[in-house]
Amino acid sequence: MVNKYWSFHMLKMQWCPQKSWRSHLKDDVFLKKLSMIQVLSVTLDEWSDDEIDSMIEVGGNSAANAIYEAFLPEGYSKPTPHTGHEQRLMFIRSKYELQEFLKPSLRIVSFASSKGLLHPSDSGKDMDSISELELSDNTAGMVEFIGILKVKVVKGTNLAVRDMLTSDPYVVLTLGHQKVQTAVIKSNLNPVWNEELSLSVPQQFGPLKLCFDHDTFSADDIMGEAEVDLQPMITSAMAFGDPDLLADMQIGKWLKSDDNALIEDSIINIVDGKVKQEVRLKLQNVETGEIEVELEWTALNQ
């Protein structure tokens, strides 16, 4: 059996299974939770110069292990290429999905409300800890926030007509119980806002929801909607630490798939000490339309 070396491109790390990645990990739920990660074979895939440079830039496998194995118990025996499938799978789940060896302050708990999925794990152990968080929040009547999300609503393209020939659109952003909106732009199917809005991100966060509305004297007319999965950006940012200490680099990627509205893969970068992400989305539940936004993440513990 030939060993194949693979690279996880969200955190630029390598893994060497005895079979292909998908033939080993047959758990569809686990694969879906790791769908943000691009997997490349060192020997079977072609690598672009940018992919090679980014792998080198962030330190490769050793840099990822320094983060995800920082709290590996003393004497813990890591799997080898000759270790059985079940033991390897258990280690991978513990390391990446349950984040058991990660520094506690970097561990992420989030909810993908639209899919009913729990991240990073829906195991009994994590459900217990999440229930405790919910109880604490409900008892105190407070929500613990982990960061600030700045959303620059750049523009809409080819929006749906809601008047005779045009529309008066604006965008509403929703995160949990928070809601903010842009200004209304009159008579424009290709509006440019370049308007920055801010939202606080709770510890138990779901997707950022974007909704286009049409301004009228009566009830507003929906002109499409979309969702932004915040998990890739926040997980990558927390894994790499204080961005002020890092050079400009790519630290993650939200991949286009059938489960999201991305028009193209969305790259997560550190730019001038800031964690930023450009996102282009096709509007859902409407005949036509796209939206472009730019995200910036700031952790409150930095």
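Visitor: Is Phe-212 buried or exposed, and what is its relative accessible area?

Guide: This is a predicted model, in which local features need pLDDT of at least 70, side-chain atom pairs count only at pLDDT 80 or more, and totals for chains, interfaces and linings use all residues. Residues are numbered from 1 along each chain as its sequence is written, and side-chain values use heavy atoms, with hydrogens and water left out. Buried means under 20% relative accessible area, exposed over 50%, and partly exposed in between (1.4 Å probe, protein chains only). Phe-212 is therefore buried, with a relative accessible area of 1%.

Visitor: How many aromatic pairs does a search of the whole structure find?

Guide: Rings of Phe, Tyr and Trp (its six-membered ring) pair if their centres lie within 6.5 Å; planes under 30 degrees apart count as stacked, over 60 as edge-to-face and the rest as tilted. Over the whole structure, the search finds 2 aromatic pairs.

Visitor: Why is the pair of Tyr-76 and Phe-91 classed as it is?

Guide: The ring centres of Tyr-76 and Phe-91 are 6.0 Å apart. Their planes stand at 40 degrees, so the pair is tilted.

Visitor: Which parts of the chain does this pair link?

Guide: Helices (H or I, at least four residues) and strands (E, at least two) are DSSP runs, numbered from the N terminus. The pair links distant parts of the chain, 15 residues apart. Tyr-76 lies in the loop between helix H4 (60-68) and helix H5 (85-97), and Phe-91 in helix H5.

Visitor: What is the angle between the planes of Trp-193 and Phe-212?

Guide: Trp-193 is buried, with a relative accessible area of 11%. Trp-193 and Phe-212 form a tilted aromatic pair, 5.8 Å centre to centre, and the angle between the planes is 50 degrees.

Visitor: Over how many bridges do S14 and S15 pair?

Guide: In this pairing, Leu-281 stands opposite Ile-291 in S15. S14 and strand S15 (residues 290-299) pair in the antiparallel sense, and the number of bridges is 8.

Methods. Two strands pair if DSSP finds at least two bridges between them.
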